[in-house]
Amino acid sequence: MFRSRALRLLKLIPLMSGQSNLACKFFHPVIASHGHHCHRSVIYKQRYRTHSCSAGRRAITAGTKVMAEGELPAVLILDIGGTHGVLEDLAALLKKHFQLITMKEFLANKEEMSKKIQSVFVFECRPTINRELLESLPNLKVIGNSGVGVDHLDLKMISSFGVKVTNTPHAVADPTADIGMALMLASARRLVEGCQIAVSPDTRSFAVDWLGVEVTGATLGIIGMGSIGYKVAQRARAFNMRILYHNRNRRRKEEEEAVGAHYCAKMKDLLQQSDFVMLVVNLTPETHKLIGKKELGLMKPTATLINISRGAVVDQDALVEALQNKVIRAAALDVTYPEPLPRDHPLLNLNNVIITPHIGTATVQAICMMAEEAIANMLAVLNGRPIPSEVFPK
């Protein structure tokens, strides 16, 4: 559904001379050998405006020649392919609308390249956006982040340079909700342990007392009821789960009724009642170590903690202690801090935890849609049109 809306939007954006329209079919098979995705979180709502005379603000004057007529606008990326570069299929899509400049090319010819670059495409949190880079790009207008989470970007600093930041909330919601459900099911039914037993060369028989717990009819507590959290609730309803949620703002009554969700004004009420607690929040100063020793102690000893937001939302030392001492039954984490964890980290040695490599949006469809959404955002900025998904500092 989002794809059709995005393509309709792109058709309406008058492209710069020499650009093809993005409303073309893009079904390349993406080889998703991903590392760590910067996604998840609810959409940023708070708006922030800098004064037209803010320090560092830049403007392209009529006399500034940024690119030749017919030339595609330049976008800075870290690299193409390799361990940290933009996937080759996504680079091919970007090339339809932009002149791609890698960080290596930029550093090798800063004087010329710095004048051309008007946008930066951030993929897998790279390239790093710091003050030094911003100061070296006098004509930069927009940073297009592929993914919804922008905690790796200093929004206030970027805004002080007059540069806009965009993200891709629509493309990430479904796959991230899917991974949340997958982790809940895998942990409840002990799928990872079961697979290891089934394929082990030492297995001669299956133990009759090797048991998991049921998801159907259980209570799910969702902390963070943004677009992703709400999609988790939609999926959980199909499992006939009792759904509780805690959020900064309460959802409308009709939205609650549509998924059978009950609002908990106090997070402790949710923690005390839930069989599964799923974290779907932004990483902010307020949510840093939101779940610590106290919160884990409020949970049922039979409960499972699921984190699909950011690793730093959980106090990992407290989590290790809670899992070791059976304060809670288990944990299932798509995110940790740092990523990956040091190989000697105690979380890696516990049999009641599942850890996946931050793969919430690691699907062929999601990666393509994020690129399309990011391109639509960047073209909207460069053409002076309404921006579909702009992010504003608090």
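Of the 394 residues of the protein chain, 53% count as buried, meaning under 20% relative accessible area, with exposed over 50% and partly exposed in between (1.4 Å probe, protein chains only). This is a predicted model in which local features need pLDDT of at least 70 and side-chain atom pairs count only at pLDDT 80 or more, while totals for chains, interfaces and linings use all residues. Residues are numbered from 1 along each chain as its sequence is written, and side-chain values use heavy atoms, with hydrogens and water left out.

**The chain overall**
- You will find 14 helices and 13 strands in the protein chain; these are DSSP runs (helices H or I, at least four residues; strands E, at least two), numbered from the N terminus.
- Among contacts (heavy atoms within 4.5 Å) between residues at least 6 apart in sequence, 70% join residues at least 24 apart.

**The open sheet**
- Seven strands form an open sheet in the order β8-β7-β6-β9-β10-β11-β12, with parallel pairing; two strands pair if DSSP finds at least two bridges between them.
- At the edges stand β8 (261–263) and β12 (353–355), each with a single partner strand, so one side of each has no neighbour in the sheet.
- From one strand to the next, the twist averages 20°.
- Inside the sheet, β9 pairs with β10 (residues 304–307) in the parallel sense over 4 bridges, and Met 278 stands opposite Ile 306 in β10.

**Helices on the sheet**
- Helix α7 packs on the sheet, touching β6, β9, β10, β11 (330–333) and β12, and its direction makes about 150° with that of β11. Such angles run from 0 to 180 degrees between N-to-C directions, with axes fitted to C-alpha atoms, for helices over the stretch in contact.
- Helix α9 lies across β6, β7 and β9, running at about 170° to β6.

**Nonpolar cores**
- A nonpolar core is a set of buried Ala, Val, Leu, Ile, Met, Phe, Trp, Tyr and Cys residues joined through side-chain atoms within 4.5 Å. The largest one has 57 residues, and those with the most contacts inside it are Leu 94, Phe 98, Phe 121, Leu 220, Ile 222 and Phe 276.
- Elements giving two or more residues to this core include α2 (88–94), α7 (169–188), β6 (219–223) and α14 (364–382).
- A second, separate core of 29 residues includes Ile 223, Leu 270, Val 320 and Leu 323.
- Leaving aside neighbours within four places in sequence, Phe 121 contacts residues including Val 75, Leu 94, Pro 127, Ala 374 and Met 378.

**Cysteines**
- The structure holds 0 disulfides (pairs of cysteine sulfur atoms within 2.5 Å).
- Cys 264 is buried, with a relative accessible area of 7%, and Cys 368 is buried at 2%.
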